[in-house]
Amino acid sequence: VQLQASGGGLAEAGGSLRLSCTASGNIVSGGWYRQAPGKQRELVAAIARNIATYYADAVKGRFTISRDNAKNTVYLQMSSLKPEDTGVYYCQAQATWDGPGSWGQGTLVTVSS
């Protein structure tokens, strides 16, 4: 499955952004990762079927992952943004439970203080 991510940009601290990741076909699970400058890529949030299964401690209560099965799209609603949320955000999804994950291109999120 191919993934197309969008929605990154510049936001002020306390602001909001919504990221979208549209798959070329059906997916069973999806997630958003981010990579801050000089740091390793980390999992931010994940969803399987229609149940959010994981949030990183740093984003709990501020970020919400959701999906629209009809559109094969996974969203990441980011609110109360902080400068430390800055980084390149990548979506990842699986078409089958035992298949490999696919990656979308990164989308840059920059949060100014």
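Which residue forms a salt bridge with aspartate 85, the closest N and O atoms being 2.9 Å apart? I started there, keeping in mind that this is a predicted model.

**Entry 1: the salt bridges**

I found arginine 34 as that partner of aspartate 85. Aspartate 85 sits in the loop between strand S8 (73-78) and strand S9 (87-94), and arginine 34 in strand S4 (residues 29-35), so the pair ties together parts 51 residues apart in sequence. I then checked burial. Arginine 34 has 6% relative accessibility and counts as buried. Aspartate 85 is buried at 0%.

I looked up arginine 62 next. Its salt bridge to aspartate 85 has the closest N and O atoms 2.8 Å apart. Arginine 62 lies in the loop between strand S6 (51-55) and S7, so this pair ties together parts that are 23 residues apart in sequence. Arginine 62 is buried too, with a relative accessible area of 11%.

Glutamate 42 also forms a salt bridge with arginine 34, with 2.9 Å between the closest N and O atoms. At 37% relative accessibility, glutamate 42 counts as partly exposed. Shared partners join Arg34, Glu42, Arg62 and Asp85 into one network. My count of salt bridges for the model is four.

**Entry 2: the sheet**

I turned to an open sheet of four strands. Its order is S1-S3-S8-S7, and the pairing is antiparallel. Strands S1 (3-6) and S7 (63-68) stand at the edges with a single partner strand each, so one side of each has no neighbour in the sheet. Neighbouring strands are turned by 15° against each other on average, direction ignored.

I looked at one pairing in detail. S1 and S3 (residues 17-23) pair over four bridges in the antiparallel sense. There, serine 6 stands opposite serine 20 in S3.

Notes:
Residues are numbered from 1 along each chain as its sequence is written. This is a predicted model: local features need pLDDT of at least 70, side-chain atom pairs count only at pLDDT 80 or more; totals for chains, interfaces and linings use all residues. Side-chain values use heavy atoms; hydrogens and water are left out. Two strands pair if DSSP finds at least two bridges between them. Helices (H or I, at least four residues) and strands (E, at least two) are DSSP runs, numbered from the N terminus. Axes are lines fitted to C-alpha atoms, for helices over the stretch in contact, and angles run from 0 to 180 degrees between N-to-C directions. A salt bridge is a side-chain nitrogen of Lys or Arg within 4 Å of a carboxyl oxygen of Asp or Glu. Buried means under 20% relative accessible area, exposed over 50%, partly exposed in between (1.4 Å probe, protein chains only).
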